[in-house]
Amino acid sequence: MNPRRVAFDVLRQVTGEDAYANLALAKRLSVAGLDSRDAGLVTELVSGTCRLMGTYDRVIEAASGRSLATLQPAVVDLLRLGAHQLLGMRMKKYAAVTSTVDLARATVGQRVTGLVNAIMRKISAHDLDGWVDVLAKKADPMDALAIAGHHPRWIVEAYADLLPPEEIPEALAANNMAPKPTLVVRPGLATVEDLDGAEPTQFSPFGASAHGAPADQAAVRDGRVGVQDEGSQLVAWALARAEAPDGPWLDMCAGPGGKAALLAGLAREQGTWLLASEAQEHRAGLVRNALSAFPDGAVTIAADGTRPAWGRAFAKVMVDVPCSGLGALRRRPESRWRRKPEDITALGGLQRSLLTSAIASTLPGGVVAYVTCSPHRAETVEVVNDVLAEHPHVTRLHAADALPGVPNAALGDDVQLWPQRHGTDAMYLALLRV
């Protein structure tokens, strides 16, 4: 199987069917029968092209002198893959142009090969830095920053609202680096020492990095260890460390189950148990699977968090709300180009409803952890501020106190993690005392 053909097929799913790149890629590779070298090439072609897709689109339009809308969608994807080979992978001009033309012939047909050949040759006139200079020449400073950092302007503007100007390019660059998988040991079931060749993570006592695929570890295969970004580990740990009355814990939006598994182990260590709730039945199944290694101390249900089905209150509540996922752009390369500013607004009502429900589900003196995998103010501090204004009895804790070993994480009273500062996803955390 031609690895470029495999990459093209996956990219067509991403752009034409709104498939998630990581899921479509994994599914296709599982049946493609490629060796490790060719599978690595496919992964780089798909992930790299998706990550810089907006930049490549600008390059294609500049090189061709025409709008993308005038080209067949399949031809656009061919040119995106070709641009990544030339500009992102720095492949030799002849190899990149020839392979793209051959792929065009095999997929779309002979009639487009001349056009593809001509545009590819024009793209090869500059390297990536050269194209960035060309594209930014007539841009205003914010657009120039977006072009150089390979992000949509609206995301750069959101970063500019949170970060000092000199740190913005570093933050954008961090999103362009694919993260290595991070393992998480489940308390009471495994320790970092149980992992072969593992090195502890910088901040989380439950995290580790190891060479090879996670499934190479026996503890991963039997469910005692999972795969989870260190930032997700830290927000769960912060809730576990907060002082609260005795009582069970609740994870309100538990799918796919990573935080629930960590919380379940920590709850058992503190002599209590966890209820994990997930609105969608198929995701509740993922949570059950993540918790299956625990002999007791965890219960999973499928329930809508905005309509509590548990009929009791909890000492600690985690509400990791559905969000834009702007904090995980390193691992979801197509998201930056797929998401729109209106997506943020659309989620606001649900986020506020879930936080309100979490407060209502918490014992007096208990603690709520409001969590998002997004640094955007409209999904973080603004949501918390609005809900607190309607619940004057609820107080905001200084969340950074629960993570004393993590530097430069405080955002007022809340916590905001960053890839460029902490090597984690851009997780946000607010801790509230009911």
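Q: Why is Cys253 called buried?
A: In this predicted model, Cys253 has a relative accessible area of 14%.

Q: What about Cys373, and is it buried or exposed?
A: Cys373 is in no disulfide either, with the nearest cysteine sulfur, again that of Cys323, 5.6 Å away. For the structure as a whole, the tally of disulfides is zero.

Q: What makes His150 stand out, and is it buried or exposed?
A: His150 isn't a glycine, yet its phi is positive, near 60°. Most residues other than glycine have a negative phi. You'll find His150 in the loop between α9 (141–149) and α10 (153–160). With 8% relative accessibility against a limit of 20%, His150 is buried.

Q: How do you know whether Asn408 is buried or exposed?
A: Asn408 has a relative accessible area of 57%, and exposed means over 50%, so Asn408 is exposed. Asn408 also has a positive phi, near 55°, and sits in the loop between β10 (395–396) and β11 (410–411).

Q: What is the peptide bond from Gly255 to Pro256 called, cis or trans?
A: Cis, with omega near 5°. Most peptide bonds are trans. Pro256 lies in the loop between β5 (249–251) and α14.

Q: How do α13 and α14 pack, and which residues meet?
A: Their axes are 10 Å apart, at an angle of about 35°, and the crossing is right-handed. On the α13 side, the residues in contact include Val235, Trp237 and Leu239, while α14 brings Lys259, Leu262, Leu263 and Leu266. Sorted by class, this contact has eight nonpolar, two polar and one charged residues.

Q: What makes up the largest nonpolar core?
A: It has 54 residues, and those with the most contacts inside it are Val225, Leu291, Val415, Leu429 and Leu431. Elements giving two or more residues include α13 (230–241), α14 (258–269) and β13 (428–433). There's also a second, separate core of 52 residues, with Ala39, Leu45, Leu71 and Leu135 among them.

Q: Which residues does Leu429 touch, leaving aside its neighbours within four places in sequence?
A: Leu429 is in contact with Val235, Ala238, Ala369, Tyr370, Val371, Ala399, Asp414 and Val415.

Definitions and conventions. Residues are numbered from 1 along each chain as its sequence is written. This is a predicted model: local features need pLDDT of at least 70, side-chain atom pairs count only at pLDDT 80 or more; totals for chains, interfaces and linings use all residues. Side-chain values use heavy atoms; hydrogens and water are left out. A nonpolar core is a set of buried Ala, Val, Leu, Ile, Met, Phe, Trp, Tyr and Cys residues joined through side-chain atoms within 4.5 Å. Buried means under 20% relative accessible area, exposed over 50%, partly exposed in between (1.4 Å probe, protein chains only). Helices (H or I, at least four residues) and strands (E, at least two) are DSSP runs, numbered from the N terminus. Contact means heavy atoms within 4.5 Å. A disulfide is a pair of cysteine sulfur atoms within 2.5 Å. Axes are lines fitted to C-alpha atoms, for helices over the stretch in contact, and angles run from 0 to 180 degrees between N-to-C directions. A crossing is left-handed if the near helix is turned anticlockwise from the far one by less than a right angle, and right-handed if clockwise. Ala, Val, Leu, Ile, Met, Phe, Trp, Tyr, Cys and Pro count as nonpolar, Asp, Glu, Lys and Arg as charged, and the others, Gly among them, as polar.
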